[in-house]
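Biologist: I would like to learn how to read helices and their packing. Could we go through an example together?

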Amino acid sequence: MDPARWRLDGRVALVTGASRGIGLACVRELAGLGADVLLVARDEPYLETIAGELAEEFPACRLLAFAADIADAEQRLEVFDWIADLDLPLSLLVNNAGANTSRAALDYTLEDVRELVEINLLGAFEMCRLAHPHLAEHGGAAIVNVGSVSGLTAVRTGAPYGMTKAALHQLTRNLACEWAEDGIRVNAVAPWYIRTRRTEEPLADPDYLEEVLERTPMRRIGEVEEVAAAVAFLCLPAASYITGECIAVDGGFLRYGF
């Protein structure tokens with residue numbers, strides 16, 4: 001076995017929504033495998049603090065941060081101006097940034113919906129397109145989109161969130177086919193309930209938690225590190241013949257029978 005197939009030494013990864021939750025876990029996982037990681041998130045002071053802590057945790061890796069809202073077209077361009085200035089060989093992109101507000105379909109304003117589409121779908125689409133010249137230039141390039149089980153079945157996240165994640169999964173399939181000739185693999189992960197700041201409030205309700213656990217064969221909530229492990233696997237040379245896939249990280253939720 002070639003151990004290099006299970007390492008990312010010398011690779012450069014860009015992770016959006018990188019300062020907390022799943023995004024931060026992805027940064028740690030990729031750095032632990034030897035990658036240099038570029039972190040993008042909106043909260044500049046917090047992002048800089050996290051980047052400093054990570055630099056101490058992974059002294060052998062280069063960990064650099066840039067504050068930007070990838071829902072904003074101008075700021076997306078600024079991210080790639082920064083990357084061009086760094087002159088680093090970007091070969092991995094993890095589209096993790098996202099947002100949600102759960103409510104009944106009739107209670108959303110059109111502006112509410114547009115905001116979710118912009119961050120969850122169009123932001124990721126544009127990050128892929130802006131990254132394409134960099135990824136196509138370097139061998140073993142990969143994109144991983146962080147989707148959701150809500151893009152695969154009906155859950156209580158609200159219709160706009162579900163439709164953006166379903167579209168993100170379809171984007172994954174389309175780009176996988178279109179960009180294979182450019183040497184770029186494109187995959188997605190679809191988490192169920194994962195222990196994050198966003199899920200803390202609903203899961204604090206014991207009755208709701210029990211409902212969730214009843215629909216989860218493994219009878220527990222997932223951890224951010226478990227999602228990050230799936231993301232990292234899809235970035236590895238060991239996954240070089242996998243593209244267009246969506247891996248559910250869900251404790252069996254989508255396979256539940258009766």
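Predicted model: local features only at pLDDT ≥ 70, side-chain atom pairs only at ≥ 80, totals over all residues.

Biologist: How far apart should the end C-alpha atoms of helix α1 be?

Modeller: Count 1.5 Å a residue, so the 12 residues of α1 (residues 21-32) should span 16 Å. The end C-alpha atoms are 17 Å apart, which agrees.

Biologist: Which residues of α1 are buried?

Modeller: I22, G23, L24, A25, C26, V27, L30 and A31 are buried. After α1 comes G34, with a positive phi near 105°.

Biologist: How do α1 and helix α8 cross?

Modeller: The axes of α1 and α8 (residues 224-235) come within 8 Å and cross at roughly 50°. The two helices are therefore oblique to each other, and the crossing is right-handed.

Biologist: Which residues of α1 and α8 meet?

Modeller: From α1, they are G21, I22, A25, C26, E29 and L30; from α8, V224, E225, V227, A228, A229, V231, A232 and C235. By class, this contact has 11 nonpolar, one polar and two charged residues.

Biologist: At what angle do helices α4 and α5 cross?

Modeller: Roughly 15°, with the axes of α4 (residues 110-137) and α5 (residues 159-178) coming within 9 Å. An angle under 35 degrees counts as roughly parallel, so α4 and α5 are roughly parallel to each other. α4 passes α5 in a right-handed crossing.

Biologist: What makes the contact between α4 and α5?

Modeller: Residues of α4 including L116, L121 and F125 take part, with Y161, M163 and L168 among those of α5. The contact of α4 with α5 divides into 14 nonpolar, two polar and no charged residues.

Note on methods. Residues numbered from 1 in each chain as written. Heavy atoms only, no water. Axes fitted to C-alpha atoms, helices over the stretch in contact; angles between N-to-C directions. Helix = DSSP H or I, 4+ residues; strand = E, 2+ residues; numbered from the N terminus. Parallel < 35°, antiparallel > 145°, perpendicular 65-115°, else oblique. Left-handed = near helix turned anticlockwise from the far one by under 90°. Contact = heavy atoms within 4.5 Å. Nonpolar A, V, L, I, M, F, W, Y, C, P; charged D, E, K, R; others polar. Expected span 1.5 Å × (residues − 1). Buried < 20%, exposed > 50% of the residue type's maximum accessible area, 1.4 Å probe, protein only.
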